[in-house]
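Here is a short note for a colleague opening this model for the first time. Please read the points beside the structure.

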Amino acid sequence: MIAESEKREVLKTTKGIISKIENMNDESKQKAILARLRNSINKPLSENFDVLPFLFENLPGNFLGTTDEASPEEKSILSALQLYALSKQGKGKTQNEDDDVPDRFLSFGASLGVIREGDKVEALDRRFNAMITSDDFSEWVVHLRHLVKLIKASEKNVRVDYPRLAEDLFWIARGYKTNVKLQWSRDYYRMNFKGEKKNEK
């Protein structure tokens, strides 16, 4: 069983890396790192030489893998950072700063649920269900990329908690998908925060 402290460390580490990116004084350096993260998508870790120095220097030593396969920590944190970088593309404000979703509901399912309304419901439900029924970590991440783009394209300012997302991806990478599926589904389908159904007009 995974220790609670180990799981929390993934969240804390990701939060620290995102904070480091957001607080860079050199805007060109910030943009370069975000671009490298986006360019690292769909590449195995061993081929991501542009982003590896930044990633590895910000990970605790016990997170680093010892084989040619990425460790669960490396996979989950890099995937969350890539999704974060996608959300930042072409935007001046970090989505992580937006505050439309109460903190206690900040799973990715809750964030996605904010845009579940009107004529988007059926199509969004199909995408969400395709994701949570995936068995493979890589499939989850591919679905997440599409869904992050939908959130980004929404007229609403939706907060996505990327450190929390990294933590959930860590569980998925370690094979503990059930709790993540249940929590995301509860948050995605729950009534909206005023007690009304999200898809009511």
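**Notes on the model**

1. Where pLDDT is low, the predicted coordinates should not be read in detail.

2. Ground rules come next. This is a predicted model, in which local features need pLDDT of at least 70, side-chain atom pairs count only at pLDDT 80 or more, and totals for chains, interfaces and linings use all residues. Residues are numbered from 1 along each chain as its sequence is written, and side-chain values use heavy atoms, with hydrogens and water left out.

3. Overall confidence: the chain averages a pLDDT of 86. A score of at least 70 is reached by 84% of the residues.

4. The fold has 9 helices and 0 strands. Both are DSSP runs numbered from the N terminus: helices are H or I with at least four residues, strands are E with at least two. Among contacts with a separation of 6 or more, 74% join residues 24 or more positions apart. Of the 201 residues, 48% count as buried; buried means under 20% relative accessible area, with a 1.4 Å probe and protein chains only.

5. Look at helix α9, residues 178-189. Buried residues in α9 are Val180, Trp184, Ser185, Asp187 and Tyr188. Their cover includes α5 (108-113), α6 (121-132), α7 and α8 (162-173).

6. Tyr188 and Ile115 are 73 residues apart in sequence, but 9.7 Å apart in space, C-alpha to C-alpha.

7. The largest pocket holds about 430 Å³ of space. A pocket is an open set of points on a 1 Å grid over the protein atoms alone, where a 1.4 Å probe fits, with protein on both sides within 12 Å along at least five of seven lines. The volume is the space filled by probe spheres set on the points, which are joined across faces, edges and corners.

8. Which residues lie closest to the centre of that pocket? They are Lys43, Pro44, Leu45, Lys75 and Ser138, out of 20 lining residues, each lining residue having an atom within 4 Å of a point. Helices α4 (72-88) and α7 (137-153) each supply at least two residues of the lining.

Notes. Buried means under 20% relative accessible area, exposed over 50%, partly exposed in between (1.4 Å probe, protein chains only). Contact means heavy atoms within 4.5 Å. pLDDT is the predictor's confidence in each residue, from 0 to 100.
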